[in-house]
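Subject: A structure for you to look at

Hello,

Here is the structure I promised to pass on. Please open it next to this email and follow along as you read.

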Amino acid sequence: MNFSALWGSKTFLQKFFIIFLIFSGLLWVLVPSTYHSSLHFDPAETLMWGSTFNPGNAKHPPMSGYMLYNFCRIFGFPNWAIFLLSQVCVTIGFIYVYKLARCFFDRDNSVIATLLITFYFFYNYETPKFNANIPHLLFVPMMCYYFFRGCSANKYHHWILLALSAAGACLSKYSAGILSVSFILYLIVNKDARKVLTTLKPYIGALLFCALMTPHIYHLIKTDFLVFNYISHGKAVKYSYFVQLLVFVAALIAPMLSMSAACFIFYWISEKKFPGFKLSITNPAALQYTICIIGGQAATLLLMGICGHRLLTIWTYPLYLCAGIFIISFYPGETSCRMKRVFALFCSLFAAILLIFPLIYYNCKSKYRYHIDKTVFRAAAENFYRERTGNDIPFISGDIWEASMLQNTFEYKIKAAPFTDPILTALHAETIRKHGALGITANPEAGSANIEKLFRNVSPQWQEMEIEYCARFGKPKKFKFYLAVIPPADVKELGSQK
């Protein structure tokens, strides 16, 4: 393959797109590595789930844990591997957004439609905190692309790949299922798309999806659908019904406004005139599809909120993977040379700002979930348990971050489960019954209540511990936590609490 000829065939914006994705991905790996000595809450928790290879836990489906644990295991669990996997998901996801945009636009406008997403901070600033949301940046664009291609070209491989990506998305976070409302809506409004339902191919994909979901569905039945308690209740709602709904609506609108503003500014600078408020639809097919994708999800979430279901603003992020395509479907005219240069400059400047801010802040502001020395944290727990039992730590039970962070320091050679996850705790009931466990918490009163609930007739004696931590240019601070020995006990009913 002649790579020089292939590179030469690319437009200016395509070349910028490739270079931008490479450098953005590398920098979002390297920059967080300068200020992460410990683990952020989300990746620590996700790694703990993955270390059990269980088909589920009390909070989310298992895919995010599988992905992160196995990827980090290849490299020996360094923090940079977490950031690298995040950027792999982001980069491949952006490529699929571009592929979907190419179904409607020329190459340059497809690049603009894709990179407009970077003006929504979730797709860059939040990605180092790998959690169940990050795989959606990979799987949701794949779902949107293969569903459209299946409806338009109706090839077997489109529906099979849709089934694979849909299973990956649903096994990462159940909210991916809301996208099915958007797909149904598109089938309703587009008569050509409905024709595929008269063929066998989409049903082959549906059967494959059901087969892939079967092990997890069996797990849900076996655990009495315990995970849905978290989905229904989760964190306590801090605001009134109407305030929560208003905040959620604002979260739906704000990213679209920021991306639209960026697009209009580019046009204004490049063409030396403002496009005005009389918008003309330049690509009806793109508009129809993206309205179904965005509108179907937004309407479903709003209906849930109106019916009293708790709403989190973080649930809005899958809507905006197609937002750039929606905006460019109104874009007035072809992309001029000046527009290309302005767009490249703005993207680069915005990306630099988002990189510089956390680089400065977290290297100057000491935070224990960023700057605790793992070796000191491990030594404190290890010495405590050996002094009191003469043995190595057999199991770790405690608060979510403290337990998962400590497990990470042992490179997952010791199993762990949080007090609040009866599924994972029950999975290791035999180990705890025979050998006991190390308890760790930041709140000894709450820790005692949790231990007495999970481990009957056990009243732990907590010992206060302190570890000093400090950012590279920050002030030293101390992190206080508590350790206790949980003795071997009869835990036949361990984890049965709902």
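Predicted model: local features only at pLDDT ≥ 70, side-chain atom pairs only at ≥ 80, totals over all residues.

Residues are numbered from 1 along each chain as its sequence is written, and side-chain values use heavy atoms, with hydrogens and water left out.

**The whole protein**

The protein has 22 helices and 5 strands (DSSP runs numbered from the N terminus: H or I of at least four residues for helices, E of at least two for strands). Its radius of gyration, 25 Å, is close to the 23 Å of the globule rule for 498 residues, so the protein is as compact as a globular protein of that length. That radius is taken over C-alpha atoms, and the rule is 2.2 Å times the number of residues to the power 0.38. Along the principal axes, the C-alpha atoms fill a box of roughly 75 × 55 × 55 Å. Of the 498 residues, 54% count as buried (under 20% relative accessible area; exposed is over 50% and partly exposed in between, with a 1.4 Å probe and protein chains only).

**An enclosed helix**

Why is α19 described as largely enclosed by the rest of the structure? The reason is that 10 of its 10 residues are buried. Among them are W401, M405 and T409.

T409 lies in this helix, which spans residues 400-409. T409 counts as buried because its relative accessibility is 9%. Its side chain reaches the backbone oxygen of L406 at 2.6 Å. Leaving aside neighbours within four places in sequence, T409 is in contact (heavy atoms within 4.5 Å) with K374, F377 and R378. After α19 comes E411, which has a positive phi, near 55 degrees.

**A nonpolar patch**

Now turn to the surface, where Y156, I160, L164, L197, L200, Y203, I204, L207 and L212 form a nonpolar patch with about 810 Å² of accessible area together. Helices α8 (156-170) and α11 (201-222) each supply at least two of its residues, and α11 gives the most, with 4. L164 is found in α8 and counts as partly exposed because its relative accessibility is 42%.

Enjoy exploring!

Definitions and conventions
Polar contact = N/O pair within 3.5 Å; in protein donor to acceptor, adjacent residues only side chain to side chain. Patch = residues over 30% accessible without salt bridge, like charges linked within 9 Å, V, L, I, M, F, W, Y side chains within 5 Å. Areas by Shrake-Rupley, 256 points an atom, 1.4 Å probe, with all protein chains shown as cover. Salt bridge = Lys/Arg side-chain N within 4 Å of Asp/Glu carboxyl O.
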